[in-house]
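The following paragraphs lead the reader through a predicted model, from its overall composition to individual side-chain contacts. Please keep the sequence and the coordinates in view while reading.

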Amino acid sequence: MPRPSPSRSRKLTAEEIRLQKASEELSRQEQKLQEKLRVLPAEIQAKRQREKELSKLRAETAAPAISLNGVRGTRNGRLPNRRRPLPTRELQNARIKFLVLCLILATIGLLLWRSIP
């Protein structure tokens, strides 16, 4: 039986060694990626939780909006829909102003009605 030449066997063993090293490197990379895959979901969940808490904290400590009469959320003890009733004197003045304005509007309407030919 013919014996294989030594150069051919050296090439095969060198190729086998190179492939074995590549295989080991790939298996190490796979193990690292598997570890990341186990750890990343927990890290992402923790990050989302921190962001949610920070946004809630920012919302609570934000300056009150002007359009809400200084009331934001439930930090104020009062309910937002309940308003303080006007004192009697101010209520009476508001009614008088309303009646005077209605009288002025009616006068303007009457004058316009008479000026139409």
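**Overall composition and surface**

Of the 117 residues in the protein, 1% count as buried, a class defined by a relative accessible area under 20%, with exposed meaning over 50% and partly exposed lying in between (1.4 Å probe, protein chains only). The model is predicted, so local features need pLDDT of at least 70 and side-chain atom pairs count only at pLDDT 80 or more, while totals for chains, interfaces and linings use all residues. Residues are numbered from 1 along each chain as its sequence is written, and side-chain values use heavy atoms, with hydrogens and water left out.

The protein contains two helices and zero strands; these are DSSP runs numbered from the N terminus, helices (H or I) having at least four residues and strands (E) at least two.

Charged contacts come next. Side chains of opposite charge can pair when their charged atoms come close. Three salt bridges are found in a search of the whole structure, the criterion being a side-chain nitrogen of Lys or Arg within 4 Å of a carboxyl oxygen of Asp or Glu.

One of them joins the side chains of Glu15 and Arg18, at 2.6 Å from N to O. Both residues lie in helix H1 (residues 6–61), three residues apart, or about one turn of the helix. Glu15 is partly exposed at 36% relative accessibility, and Arg18 is partly exposed at 46%.

Glu25 and Arg28 form another salt bridge, with their closest N and O atoms 2.7 Å apart. They too lie in helix H1, three residues apart. Arg28 has a relative accessible area of 43% and Glu25 one of 35%.

In the pair Glu35 and Arg38, the closest N and O atoms are 2.5 Å apart. Because they are three residues apart in helix H1, about one helical turn separates them. Glu35 is partly exposed at 40%, whereas Arg38 counts as exposed at 57%.

A nonpolar surface patch is formed by Ile96, Val100, Leu101, Ile104, Ile108 and Leu112, with about 560 Å² of accessible area together. Patches are made of residues with over 30% relative accessible area and no salt bridge, like charges being joined within 9 Å and nonpolar side chains (Val, Leu, Ile, Met, Phe, Trp, Tyr) within 5 Å. Ile96 belongs to helix H2 (residues 88–115) and is partly exposed, at 46% relative accessible area.

Note on methods
Areas by Shrake-Rupley, 256 points an atom, 1.4 Å probe, with all protein chains shown as cover.
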